[in-house]
Structure formats: structure tokens, C-alpha cells
Amino acid sequence: MSPSVDKLDAAKPASAGALTRRILSAVILMPIVVAAVYQGGAAFAAMISFAAVIMLFEWSRMVERRTFTNAFYALVFASAAAMYFAAAGNYDAALFSAAIGGLAGSWFAKRNSGVGVWSGFAAFYIIIPCIALVWLRLDAPSGGSLSFLLYGVVWAADSGAFLFGKFIGGPKISYALSPSKTWAGIGGGVLGGCLIGAVFGAWTVGPAAALLYAVIGGGLGAASVLGDLFESGIKRYFGLKDISGFIPGHGGALDRLDGMIFATSAMTAGLLLYMLAERIQG
């Protein structure tokens, strides 16, 4: 299988109708997400589990060019097991389930569609970050606050990148990655993360922490923007503009959560390193 980007032309500006659908989708979905993050427990795990299934469906359809394949079922079964174990606090079993799902997905996809590793990569790209999201909210120190910071930064980074790219524009980053993304959009995404981080630090810790949390927010915002670029590159490789139309105005769940995947990975890695340093010192 040799996907091509030849099918894509330069992206056209979003119409007023598309922008309206984008705003309405955000207005509907954001309260649901905030409520699930606030509630935690089974409600949050269920939301992440549902998102994982949708993302795996989109991924499998993209790489295999067909729906409901054996590789998809293997990945979904592994995801369900991983989310069950993660919600129960058994993260070793959750990661093992993800690894087995990735191997099974690769084997089935190689046998049926010839794409092999691309299908199994979903275990690393989708399932493991979902496990990390559950850990951050349910078991990490200050998990509730950090989860709200994470979601706030990703939303602000996405909005900042969209607004700066639309109204400032300027030089493009790379046509190979995306025909529409600009350096101004990158700056807007990082700035959005900085602002949310500064507000979070000043509100939860105190004004003196605003600068530190602005740096943290900027780093997470940069990770979110990089996640968007990474997924854009994958879509270009497979000749797609949007993976699906699951979320009106936003494209697919992967189109909406690509930044969250990278930002979650960055926050998890940073927090684990911090906890390790504290353990070594203490």
C-alpha cells in the first residue's frame, strides 16, 4: 500500500456555516467534558473509553481503507480491557493489554490489508495516551486540577492557533504537513497555553506561581500544536483532509483530539519525571 498526498489541494478557508458548526459543537461538547472531568471515576473512564473506540474506528478506516476489520476489533477489545484495568488502578495490565492489541492489530492488518505496523501503531498513538488520561485524573497527585489544566491548555492552544492562523496568516509551515497551517498559528497556540497556565497558577497556587505555570502551559500548548501537525502529516500521507465528520465543524474525533494526545503524553512524562526526582531526593 502506497498512500499518496496527490489527492489533496490547498485547503480552502472555512465558510461561515462551517465556523458556526464548529462553535455549536464546542458549546455542546465542552460542558459534557467538563462534567466528566469534574466527576472523575467511572464517568470519566467511560468518556475516555468511548473516545478511544471512535478514534480507533477512524484510524482503522484510514489506514486499511475499510471499516470493521479484524484489526479494528482487536484494537477495540484491547482498548476496552486497557480502560477497565486503568479504571481499576492496574496500569501494568492496562499497558500489557495495549501492547497485545497493537501486535494483534498489526498481524491482522498485515494479513488482510497489507498495512501491518500502521494499524498496530494505534495502540501506541491512541490507547496508551487514553490510559495516561485515566491515570492523570484518577490516580496522579492533584489529578483533578492537572486534568482541568490539561484540557484548558489544549482548548486554548487550539483556539489560539485557529484564530492567529485565520486572522494573521502569514508564512506557511510546510505544505507536506498541511497546506493551511502557519507560523502565526503555532505562536497563537503556544500563547494560548501560556495564558491558561498563568491564570491557573495564579488562581490555584498564587500570583508568584503565574510565571512558572505560564511556562508549563506554553510547553503543553506547544505539544498540542505539534500533535496537530503530526496528525496532519499522517492524513496527508494517506490522502485525507478530515478523517471523518463525527464532530460537525471539527472533522473526526482524531482531528479534534490530536493535540490532546501529545499534550497528555507531555504532561504524563513531565509529572512522572517530577515524581521520580522527588523520590530520589526524599
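User: By about how many helical turns are Glu231 and Lys235 separated in helix H8?

Analyst: The model is predicted: local features need pLDDT of at least 70, side-chain atom pairs count only at pLDDT 80 or more, and totals for chains, interfaces and linings use all residues. Helices are DSSP runs (H or I, at least four residues), numbered from the N terminus. Because Glu231 and Lys235 are four residues apart in helix H8, their separation is about one helical turn.

User: Which residues join Lys235 in one network of salt bridges?

Analyst: A salt bridge is a side-chain nitrogen of Lys or Arg within 4 Å of a carboxyl oxygen of Asp or Glu; Glu231 and Lys235 meet this rule at 3.8 Å, N to O. Asp255 also forms a salt bridge with Lys235, with the closest N and O atoms 2.7 Å apart. Asp255 lies in helix H9 and Lys235 in helix H8, so this pair ties together parts 20 residues apart in sequence. Through shared partners, the network joins Lys235 with Glu231 and Asp255.

User: Are Glu231 and Lys235 buried or exposed?

Analyst: Buried means under 20% relative accessible area, exposed over 50%, and partly exposed in between (1.4 Å probe, protein chains only). Both Glu231 and Lys235 are buried.

User: How many residues apart are Asp158 and Arg256?

Analyst: The structure holds four salt bridges, and one of them brings the side chains of Asp158 and Arg256 to 2.5 Å, N to O. The pair links distant parts of the chain, Asp158 in helix H6 and Arg256 in helix H9. Asp158 counts as partly exposed because its relative accessibility is 22%, and Arg256 counts as partly exposed at 21%.

User: What is the angle between the planes of Trp118 and Tyr237?

Analyst: Rings of Phe, Tyr and Trp (its six-membered ring) pair if their centres lie within 6.5 Å; planes under 30 degrees apart count as stacked, over 60 as edge-to-face and the rest as tilted. By this rule there are 20 aromatic pairs. Trp118 in helix H5 and Tyr237 in helix H8 form a pair that links distant parts of the chain, 119 residues apart. This pair is stacked, with 5.4 Å centre to centre and, between the planes, 25 degrees.

User: Which members of the largest nonpolar core touch the most other members?

Analyst: A nonpolar core is a set of buried Ala, Val, Leu, Ile, Met, Phe, Trp, Tyr and Cys residues joined through side-chain atoms within 4.5 Å. The largest such core has 58 residues. Among the elements that give two or more residues to this core are helix H2 (41-64) and helix H5 (117-138). The members touching the most others are Ile48, Trp59, Ile126, Ile127, Ile131 and Tyr151.

User: How far apart in space are Leu272 and Ala140?

Analyst: Leu272 lies in helix H9 and is partly exposed because its relative accessible area is 43%. Leu272 and Ala140 are 132 residues apart in sequence, yet their C-alpha to C-alpha separation in space is 9.1 Å.

Conventions: Residues are numbered from 1 along each chain as its sequence is written. Side-chain values use heavy atoms; hydrogens and water are left out.
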